[in-house]
Amino acid sequence: MKIYYDENMPFAREFFSGLGELVPFAGRELSQETAAEADVLLVRSITRVNQALLQSNKQIQFVGTATIGVDHIDQAYLNSRNISFSAAPGCNAVSVAEYVLSALVVLAERYLLDLSGLTVGIVGAGNTGTRLSEKLKALGIRYYLCDPLLAEQGDEREFVSLERVLSCDVISLHVPLTTAGQYPSYHLLNRERLTRLTDKQILINACRGEVVDNQALLELKQAGHGLKLVWDVWENEPDILMPLIDHTEIATAHIAGYSLEGKARGTEMLYLALCKQLKIKPKLTLSQFLPPASITHVEIKQHFDEIILNQLVKMVYDVRRDDGIFRQQLSCQGFDMLRKNYPVRREFSAVTVALAEQASNNDVPHQLGFNFPR
Ligand SMILES: NC(=O)C1=CN([C@@H]2O[C@H](COP(=O)(O)OP(=O)(O)OC[C@H]3O[C@@H](n4cnc5c(N)ncnc54)[C@H](O)[C@@H]3O)[C@@H](O)[C@H]2O)C=CC1
Ligand SMILES: O=C(O)C(=O)[C@H](O)COP(=O)(O)O
């Protein structure tokens, strides 16, 4: 069995070598001719899987994407050919939530904002929006959720309208990219909605670039609008609207979900799905392969306060590192290479936070996602 896998899929060799012959490929370069050989195809978000890619392949049994987003997969086509499909829902949701939190901590310092006084509007309350809301709650930051689909499905959380979340101090977008249905997200933030935002607001896009009309946003910013942007995803990646970069507070190369754990969980989820498909008992788990983090243990000797928590967040992941790399390296490396060469980043859970005896017994670090022995 030939298993074709994206070369940017951590631990793919470790997970899949016992299941078949492995063939790596570069995500944007997979051709119809090469794909014709695959029995199993494992992709990431940059490979479009559709009739154009698979029409010459008569034997393929399984397609998997090690990502949350599935907008690059023509699932109707796979269904029509009876090809099994699996994605990795939630695999890097924690990573994206930690990216957003790091960005908020950085902007609060930059503009002397009192984080606990801000309201955050979360658009899309699925895995990522929920992980983010949990972390905000741990820090005492008020948030509002907008997710009409979950509201209609009877989710018991409180939901507000899109207009209400768009009036929050911070707006964080966590919707899938869709062009059909009752609530399509393509250009959800169109020119008209963008124009209604105020100079004081912060807009964070770490879902898909096409959810915001980038050209309209650029024109708004060029006209002097003060809206602050945290921008991880861009329309038309990798050929992005370069002039927009100078109008962002934090700009990164679609890496919000690139914690080592997040990417590797995606690989593990595909391994489990493929074992199920092949009716094989899975023998491997991610914990066998994850290396220890560079900092694994921190002892807190005093009372927890916002400053210490902010330092903890930045110690594990300071988004300014990725913003700096992006601004300095984009023109020489290019968008895709920046992503391919992404430095190791760990999740808060890789660090154990211990309290010295005299420190206050407050379990905020645990709620934020740190390991916290109680
Ligand atoms: N920047 C990055 O590295 C990453 C980006 N993503 C993107 O983030 C998206 C969201 O991720 P998850 O929360 O994990 O997905 P999810 O599927 O768990 O949740 C998405 C939620 O959005 C809601 N939704 C859909 N259309 C909506 C609309 N028009 N208005 C409000 N809510 C709407 C859905 O009902 C659902 O609850 C993914 O589809 C993916 O495109 C995901 C991981 C990493
Ligand atoms: O999981 C998702 O959805 C994402 O956006 C991933 O972070 C995309 O990463 P690549 O698949 O483009 O490496």
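1. Which residues lie nearest the centre of the second largest pocket? In this predicted model, they are S45, R48, D71, E210 and E237, from a lining of 17 residues.

2. The second largest pocket holds about 350 Å³ of space. By residue class, its lining divides into 7 charged, 5 polar and 5 nonpolar residues.

3. As to location, the lining of the second largest pocket draws residues from domain 1 (2-87 + 259-288) and also from domain 2 (93-251), so the pocket lies between them.

4. The unreviewed entry places the feature "domain: D-isomer specific 2-hydroxyacid dehydrogenase catalytic" at residues 32-275.

5. A separate point concerns P24. This residue belongs to strand β2, which covers residues 21-25. With a relative accessible area of 42%, P24 is partly exposed, because that value falls between the 20% limit for buried and the 50% limit for exposed residues.

6. The surroundings of P24 can also be described. Once its neighbours within four places in sequence are set aside, P24 is in contact with Y5, E7 and R13. M9 is 15 residues from P24 along the chain, and the C-alpha atoms of the two are separated by 9.3 Å.

Conventions. Residues numbered from 1 in each chain as written. Chains lettered and ligands numbered in written order. Predicted model: local features only at pLDDT ≥ 70, side-chain atom pairs only at ≥ 80, totals over all residues. Heavy atoms only, no water. UniProt positions renumbered as here; feature names shortened; annotations may be inferred. 1 Å grid on protein atoms, 1.4 Å probe; cavity = no way out; pocket = protein on both sides within 12 Å on 5 of 7 lines; lining within 4 Å. Points joined across faces, edges and corners; volume = space filled by probe spheres on them. Nonpolar A, V, L, I, M, F, W, Y, C, P; charged D, E, K, R; others polar. Domains from an automatic or database assignment. Helix = DSSP H or I, 4+ residues; strand = E, 2+ residues; numbered from the N terminus. Buried < 20%, exposed > 50% of the residue type's maximum accessible area, 1.4 Å probe, protein only. Contact = heavy atoms within 4.5 Å.
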